[in-house]
Amino acid sequence: MAEEMDTAMQRPAWADALPRAGWKAYPQAASSDDWFEVHKLREGLWAIYEPGHFQEVISFLVEGSGKAMLIDSGLGIGDIKAVVEALTDKPVFVVNTHTHFDHVGGNHQFETVYIPDCPEAIARAAAGFSQEELAVNMVPGSNSQPWPVGFDPAGYTIQPFAATPAPEGTVFDLGGWKLTVVNTPGHSPDSIMLYDAEKKLLFTGDSFYPAALYVDLNSEKPVPELLAIYQKTMAGLAEQFSDYKLICSHNEPFCDGSFLGKTAAALGEVLAGKAPDEVGSTGLKRYEYEGFAIITH
């Protein structure tokens, strides 16, 4: 039987917020798979959104003049490769912002996958995710729309996949887009971001998005140590990227770069002993801030 999903993470009425207002500004494109919503954010950039699951994960297709990059590959519930192939005729490779299940689900469909240069990411690529690991994400209330035909939530797994580590400083030149890897530990030890310096765009992965930010919940390290790692990361990002537009991987795609500094300050407050606003059903602590929240053990 699946463990309980903590109420501090999955709000019982999470689907009541759908559809989210932020998507209205971006035209919806046709999708070859109804599980996904596809929105064109700007020339050469599409958001591939999965609002039917409480994670509301967003993958991004970035198309240059020579090739295309898929930033993360979603939950693996729908056929993301078919969606991508309908959007571009360029050769496509995947870059993962980290290797949590909701970002690597479609990796096995692609020949070339890059992951963060981190032992945790390398191990996860080799292992995939078992049904037992994923069952808690398939409990009743996890979906807001019917599962795709042929998908069995009781048997949900994610296949292992072949991958190449991409160290910090790696540059992916797509032709018209030049995306650089920066390491951002905090949400997980293998978290990275990707930035385009000319366009002043920063793909944040799960290090920031406008919802609850998890402070490395899989780690056995003391919470103050984890908070300090995350706070240092966000403070450094704020110094470099506060004038960038953030492109976020959950809920809604765009946020202002000022949220990097706001997140660093919030993590500092939690580290200093701020009382939680809520203790969830399994003991997770939730700290509320304007536009986001922080969750720790």
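Predicted model: local features only at pLDDT ≥ 70, side-chain atom pairs only at ≥ 80, totals over all residues.
Me: What's the strand order in the eight-stranded sheet?
Reply: The order is S1-S2-S3-S4-S5-S6-S7-S8, in an open sheet with mixed pairing. Strands are DSSP runs of E, at least two residues; helices are runs of H or I, at least four; both are numbered from the N terminus. Two strands pair if DSSP finds at least two bridges between them.

Me: Which strands sit at the edges?
Reply: S1 (28–29) and S8 (164–166). Each pairs on one side only.

Me: How do S4 and S5 run, parallel or antiparallel?
Reply: Antiparallel, joined by four bridges. Leu61 stands opposite Leu70 in S5.

Me: New topic. Is Lys178 buried, partly exposed or exposed?
Reply: Lys178 is partly exposed, because its relative accessibility is 47%. Buried means under 20% relative accessible area, exposed over 50%, partly exposed in between (1.4 Å probe, protein chains only).

Me: Where is Lys178, and what does Lys178 touch?
Reply: Lys178 is in strand S10 (residues 178–183). Not counting residues up to four places away in sequence, Lys178 touches several residues, including Phe172 and Asp196. Contact means heavy atoms within 4.5 Å.

Me: How far apart are Lys178 and Asp196?
Reply: They are 18 residues apart in sequence and 5.6 Å apart in space, C-alpha to C-alpha.

Definitions and conventions: Residues numbered from 1 in each chain as written. Heavy atoms only, no water.
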